[in-house]
Amino acid sequence: MLVLDNVDAHYGKSHVLHGVSIEVRAGEVVGLLGRNGVGKTTTLKAIMGMARRTGGRITFEGRDLHGVPPHGLAGLGIAWVPEERRIFRLLTVLENLRTGLDRPGVTPARREELLEKVYVYFPILKERRNQAGGTLSGGEQQMLAIARAMVLEPKIILLDEPTEGLMPRMVSQIQEIVHALHREGVAILLVEQNVPLTLDAAGRVYIMEKGTVRHHASSAELRADQRVIHEYLGV
């Protein structure tokens, strides 16, 4: 479904990604692990067209994404939940969700169905639907960011550090949502620092170091032999 083939990316003169190759198949959860600053977030930004790609090719369902603007990717079925969440702080929870709901081709009845669906996953958002997004807790803002992606009915979600800074209870909730999306057939490219969560949620894992993919294995292999995890992540 999503293929990165030998991708390079720069920030100004800084060469950040060096020949990154990653594949995510339809309905699959793939983990992307690595220490801070190794290029994981830049990989997602390269997919979204928000980091300058200077080499290689990125395709989605066989279509080259070169030249597709970030806002055009949602129409192709790609949703992004950035590390910093980027909710609209002055808009209410409902208004934030409507940024994904109020789009061409979605009937009023379907909008209501999608809204109720995310409220089932995140009951707290229904309780706080008229509350400004900026007044939510960090965990609630993360839920809102994921819910906003979900109402787009994407084929794949790029999840960047969804559990960073959250309490254990919130981490478990996010983990359950990843499993639920997987059961529904939504593909996920999951960038995380939480190794146990990633190995639990993902079928395959790529490990990055210094802007390069250094290792690729199934989660089962990495659970059975922790030496690779220790070598690259120090845990």
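Tutor: Gly49 follows helix 1 and has a positive phi, near 75°, in what is a predicted model. Helix 1 itself spans residues 40–47, and six of its eight residues are buried, so the helix is largely enclosed by the rest of the structure. The buried positions are Lys40, Thr42, Thr43, Leu44, Ala46 and Ile47; burial here refers to a relative accessible area under 20%.

With strand 3 (residues 29–33), strand 9 pairs in the parallel sense over four bridges, and Val30 stands opposite Arg204 of strand 9. With strand 10 (residues 212–218), the pairing is antiparallel and comprises six bridges; within it, Met208 stands opposite Val213 of strand 10. Strands 9 and 10 form a hairpin with two residues between them, and Lys210, in the turn, has a positive phi of about 50°.

Four strands make it up, in the order 2-1-4-5, with antiparallel pairing. Its edges are strand 2 (14–24) and strand 5 (63–64), each of which pairs on one side only. Strand 1, residues 2–11, is joined to strand 2 by seven bridges in the antiparallel sense, and Leu2 has Val24 of strand 2 as its bridge partner. In general, the strands of a sheet pair through backbone hydrogen bonds, in either a parallel or an antiparallel manner.

Leu91 belongs to a loop, the one between strand 6 (78–81) and helix 3 (93–101). Its relative accessible area is 30%, which means that Leu91 is partly exposed, since that category lies between the limits of 20% and 50%. Leaving aside neighbours within four places in sequence, Leu91 is in contact with Asn96, Gln131, Ala132 and Gly133. Between Leu91 and Asp8 there are 83 residues of separation in sequence and 37 Å in space, taken from C-alpha to C-alpha.

Key:
Residues are numbered from 1 along each chain as its sequence is written. This is a predicted model: local features need pLDDT of at least 70, side-chain atom pairs count only at pLDDT 80 or more; totals for chains, interfaces and linings use all residues. Side-chain values use heavy atoms; hydrogens and water are left out. Two strands pair if DSSP finds at least two bridges between them. Buried means under 20% relative accessible area, exposed over 50%, partly exposed in between (1.4 Å probe, protein chains only). Contact means heavy atoms within 4.5 Å.
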